[in-house]
Amino acid sequence: MSISPEEYAEALAQLAWQVELGADEAIGAVPVNRFEEKAKPKAPPESAAVPEPVAAPPASPPPDTAAIAAACDTLDELRAAIEAFDGCELKRGARNTVFCDGNPQAHVMVVGEAPGRDEDREGRPFIGRSGQLLDRMLAAIGLDRMAEDPAQAVYITNVLPWRPPQNRDPLPEEKTLMKPFLLRHIELAEPKVLLMVGNPSNQTLLDTSQGVTRLRGKWHEVLGIPALSIFHPAYLLRAPEKKRDAWADLLMLKAKLENG
Ligand code: URA
């Protein structure tokens, strides 16, 4: 179908208008053709025999992400495997796969929740408003994701590499599906300490339904690595009175890095 330059300009102006109103993303995984005539189901004749119910086909088993992850021997291989993985619906609505940022040699590895809008656009974790607060929090104890020295650097990833539509919370089945990739990511990065940021990260890595309020303030262990819980910076932006707790947690992290 071809359209005239005028129609094109009109369509473009309408699109710009919608973006201005805030309708700037597709929220369905599958496009809906609203011009398609819906065939109305015909009512069966009264005399028609009632068909036998047909058994639903067995649901296909979920992809074996543990096997895919285990086959990766380097961070580059893992990134490639995740980028090639088509078993998670979130990927279809995402612009980028957000794998990591920072220094892979860093002693500290930060695990967040999932990319937001800015991260999805740029393909890097924690670069929006909450990421900027995270950077300031880490800077307060002398850490910097861009540092070359592993002792001062930070390596960052998320539980999910794709943005959930409208930044909704990750679903339990999404976290379960992607968890083997996350665990392999941690194994390959070999951090000395893990910082689990926000509830989804804590709950996924610690296999618990408890929230950060309960989990923070003490050391846990993930794959044999000391792991600390901390409030998500997005939460701290909404609840600044919790920054005092977050500061105490950062001091625990600093002491661990200095004294082991
Ligand atoms: N929140 C997260 O948990 N991760 C990001 O990358 C950005 C925001």
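How are α3 and α7 oriented to each other, roughly parallel or roughly antiparallel? The legends below take up this question and two further views of the model, which is a predicted one.

**View 1. Helix α3 packs with helix α7.** Helix α3, spanning residues 75–84, and helix α7, spanning residues 172–189, pack at an angle of about 165°, and their axes are 10 Å apart. Because angles over 145 degrees count as roughly antiparallel, α3 and α7 are therefore roughly antiparallel to each other. The crossing in which α3 passes α7 is left-handed. On the α3 side the contact is made by L75, L78 and I82, and on the α7 side by M178, F181, R184, H185, L188 and A189; by class, this contact has seven nonpolar residues, one polar residue and one charged residue.

**View 2. Helix α7 crosses helix α8.** The axes of α7 and of helix α8, which covers residues 199–206, come within 10 Å and cross at roughly 80°, which means that α7 is roughly perpendicular to α8. Here K175, K179, L182, L183 and I186 of α7 make the contact with P200, Q203, T204 and L205 of α8, and the classes in this contact are five nonpolar, two polar and two charged residues.

View 3. A backbone N or O atom of E113 lies 2.7 Å from an oxygen atom of the ligand, while a backbone N or O atom of A114 is 3.1 Å from a ligand nitrogen atom. From the side chain of N158, an N or O atom lies 2.9 Å from a nitrogen atom of the ligand.

Key
Residues are numbered from 1 along each chain as its sequence is written. This is a predicted model: local features need pLDDT of at least 70, side-chain atom pairs count only at pLDDT 80 or more; totals for chains, interfaces and linings use all residues. Side-chain values use heavy atoms; hydrogens and water are left out. Axes are lines fitted to C-alpha atoms, for helices over the stretch in contact, and angles run from 0 to 180 degrees between N-to-C directions. Helices (H or I, at least four residues) and strands (E, at least two) are DSSP runs, numbered from the N terminus. Angles under 35 degrees count as roughly parallel, over 145 as roughly antiparallel, 65 to 115 as roughly perpendicular and the rest as oblique. A crossing is left-handed if the near helix is turned anticlockwise from the far one by less than a right angle, and right-handed if clockwise. Contact means heavy atoms within 4.5 Å. Ala, Val, Leu, Ile, Met, Phe, Trp, Tyr, Cys and Pro count as nonpolar, Asp, Glu, Lys and Arg as charged, and the others, Gly among them, as polar. A polar contact is a pair of N or O atoms within 3.5 Å; within protein, one must be able to donate a hydrogen and the other to accept it, and residues adjacent in sequence count only if both atoms are side-chain atoms.
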